[in-house]
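This briefing concerns the structure shown below. It covers the fold, the surface and the aromatic pairs in turn.

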Amino acid sequence: MKFVLDFIEIYARGLFYLWPIFAVLVGIIVVLGLRIGALEDWEPHDAVLFALITATTISFGVMHPTRNRSKWLVLGIAFT
């Protein structure tokens with residue numbers, strides 16, 4: 001049981017120090033998703049959903065960009 005508590009403590013400490021980095025990365029992903037959504041004429045919530053699905057590599061395949069500029073921005077999400 002001590003191992004589990006130690007793990008949780010170390011994990012929480014790591015999240016505490018890394019949350020600003022995670023927040024910036026998620027912000028970049030959301031902004032790029034909104035930009036893609038604007039180019040593709042998608043609703044904002046659809047664009048953010050697309051960006052988060054792309055970033056987590058789930059890729060349901062329901063939505064995909066059709067314009068070249070949008071496709072390049074998707075690469076930005078993937079690298080982020």
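Read along the sequence, the predicted chain follows the pattern α-α-α, with three helices and zero strands. Helices (H or I, at least four residues) and strands (E, at least two) are DSSP runs, numbered from the N terminus. This is a predicted model, in which local features need pLDDT of at least 70 and side-chain atom pairs count only at pLDDT 80 or more, while totals for chains, interfaces and linings use all residues. Residues are numbered from 1 along each chain as its sequence is written, and side-chain values use heavy atoms, with hydrogens and water left out.

**Overall dimensions**
- The chain has a radius of gyration of 16 Å, whereas a compact globule of 80 residues would have one near 12 Å (taken over C-alpha atoms; the globule rule is 2.2 Å times the number of residues to the power 0.38).
- The C-alpha trace spans about 55 × 25 × 20 Å along its principal axes.

**Burial and surface**
- Of the 80 residues, 20% count as buried (under 20% relative accessible area; exposed is over 50%, partly exposed in between, with a 1.4 Å probe and protein chains only).

**Aromatic pairs**
- The structure holds three aromatic pairs (ring centres of Phe, Tyr and Trp, the last by its six-membered ring, within 6.5 Å; planes under 30 degrees apart are stacked, over 60 edge-to-face, the rest tilted).
- The pair of Phe-16 and Tyr-17 is edge-to-face because the ring centres lie 5.4 Å apart with planes at 75 degrees; both residues are exposed.
- Trp-42 and Phe-50 also form an edge-to-face pair, 5.1 Å centre to centre with 65 degrees between the planes; Phe-50 counts as buried at 8% relative accessibility.
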